[in-house]
Amino acid sequence: MSRLIVISNRVSAGGGAAGGLAVALMAALRENGGIWFGWSGGRTDQFTGHINFHIEDDVRTATIDLEDQDIEEYYNGYANRTLWPLFHYRIDLAEYERSFAGGYRRVNERFAETVLPLIEAEDSVWVQDYHMLPLGADLRERGVTNRIGFFLHIPWPPRKLLMTLPEAREMVEMLFAYDLMGFHTQEWLDSFCDFVREELGGTISDDGTTATLGDRTLKLIACPVGIDAREFADLAASGTARTTFRRVKDSAVGRALMVGVDRLDYSKGLEERFLGYERFLTEHPEERKEVVLLQIAPPSRGAVESYQRIRTTLEGLAGRINGAYAGLDWVPIRYVNQAYARDMLAGVYRASRIGLVTPLMDGMNLVAKEYIAAQDPADPGVLILSRFAGAASQMKEAILVNPHSAEELSDAMLQALVMPLEERKRRWTIMMEDVQKRDVMWWLNEFTTALDACGRDEPSPKVVALPTKGAVKTS
Ligand code: ADQ
């Protein structure tokens, strides 16, 4: 494979807290050479294009600082208050502000301008996620003819929802500057094709693997991101995980533990999960004191109001449920707003009879896979999984639920609690095989192999003339 230039909003290098995704990208960069480029997370008074180079775990990283206005309009604004809610079907929360769109375009152009001198002739460029949708077009405009791929980590919304975004058409046209676009599931890919066909008049090949708009062709691939399953299973057997396992088990004093581990985000269905649990406690008084719900939810995106609201709502709900049902020696919900090291999380997953992964909408969801990978093969727990998580397309042996229905959640909790060992083992074995087979390195190879193959049969490098530059208003 050629040298790789990975570009993402943040550069998330190695270290104990790094997730499988970061570790896999680092591994690819280490093996093939290349650079990981992104925002440092820091600010500067005036953007100069200065790059901070580092070597982390033998990988070269390059980061830039952004101005306060960039951070406000691009990151807190367009990425987190416009695209994230819209792409998770929450147009009620999406904010459409020209200043956000302008800041987003400006920062993408700054990324393109700054990374440009780092790209060498034979490099493949791999852009990650919704923060950087127009980056491919911005690079082409600056003369980059290298292979450029893009992977979307979140869902692709239905056409009519996406059309509520004032810049939707121009944004999708710009995506044709890429050679390859990857989605977690066929559903998100189909949704993208629907938009291209119905709103842009483009065509999709019969086998659904390419989209064509004018003289530009974009290859499409559905490849679900995985976890480093082996590493996670090893973590679950580590000393720290074992200590955590004991602590958590002991604290449950014989009760079955249900666990939820999510960023504090409205897309993760936490409020609905609490309501489902409340319904379970009401409908099954005999099960009260047999279970305890441990919800671990570290705050995220605290600068955005909708995230502050969900925090308040959940604190209120947990308080109400605990107030109604807690006894001298039992509290139904333990709600923890903290991040934990991965080996500790592995111990928590393993100590939990039920894994609750019930997002209202999720591109994939790695917690579902981590929960499965951490289980004891001799006594595995049960995964309750939302039908609306991308992971549901792979993990059909989970108890699949509609997270909006408190009744379905309550039924699923009961079903999981009484599920016999043989049934638990059967379901777990099938899921574990897939989690191991389609792990994060599999994902990485699928994508980079497809990217490497792009343009091999074309006579000359792809040159893109963008018709719509400037159509995304910057005022
Ligand atoms: P996220 O929305 O962040 O990712 P997810 O896939 O669940 O969601 O990944 C979260 C990661 O954070 C997991 O590895 C989990 O272990 C970790 N985490 C969560 N709570 C934690 C805590 N309290 N302490 C420590 N770690 C914690 C986006 C998309 C997903 C997609 C991924 C990858 O929204 O749908 O699966 O990218 O493509």
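## Aromatic pairs

A search of the whole structure, which is a predicted model, finds 19 aromatic pairs. In one of these, the ring centres of Trp 126 and Phe 447 lie 4.4 Å apart with their planes at 10 degrees, and because planes under 30 degrees apart count as stacked, this pair is stacked. The pair links distant parts of the chain, since Trp 126 belongs to strand S5 (residues 124–128) and Phe 447 to helix H16 (residues 440–453), 321 residues apart. Both Trp 126 and Phe 447 are buried.

Phe 232 and Tyr 349 form a tilted pair, with 5.9 Å from centre to centre and 45 degrees between the planes. Phe 232 lies in helix H8 (residues 229–236) and Tyr 349 in helix H12, so this pair ties together parts that are 117 residues apart in sequence. At 1% relative accessibility, Phe 232 counts as buried, and Tyr 349, also at 1%, counts as buried. Elsewhere, Phe 87, Trp 156, Phe 183 and Phe 192 form one aromatic cluster.

## Ligand shell

The ligand lies between domain 1 (4–226 + 441–452) and domain 2 (229–437), because both give residues to the shell around it. Of the 22 residues around the ligand, His 153, Tyr 340, Asp 362, Met 364 and Glu 370 come nearest, and by class the shell has 12 nonpolar, five polar and five charged residues.

## Polar contacts and cover

A polar side-chain atom of His 184 lies 3.2 Å from an oxygen atom of the ligand. Backbone N or O atoms also take part: one of Gln 338 lies 2.9 Å from a ligand nitrogen atom, and one of Leu 366 lies 2.8 Å from a ligand oxygen atom. The protein covers 85% of the 720 Å² of accessible area that the ligand has on its own, and the elements that give two or more residues to the shell are helix H12 (342–351) and helix H13 (366–373).

Conventions. Residues numbered from 1 in each chain as written. Predicted model: local features only at pLDDT ≥ 70, side-chain atom pairs only at ≥ 80, totals over all residues. Heavy atoms only, no water. Near = heavy atom within 4 Å. Polar contact = N/O pair within 3.5 Å; in protein donor to acceptor, adjacent residues only side chain to side chain. Areas by Shrake-Rupley, 256 points an atom, 1.4 Å probe, with all protein chains shown as cover. Helix = DSSP H or I, 4+ residues; strand = E, 2+ residues; numbered from the N terminus. Nonpolar A, V, L, I, M, F, W, Y, C, P; charged D, E, K, R; others polar. Domains from an automatic or database assignment. Phe/Tyr/Trp six-rings, centres within 6.5 Å; stacked < 30°, edge-to-face > 60°. Buried < 20%, exposed > 50% of the residue type's maximum accessible area, 1.4 Å probe, protein only.
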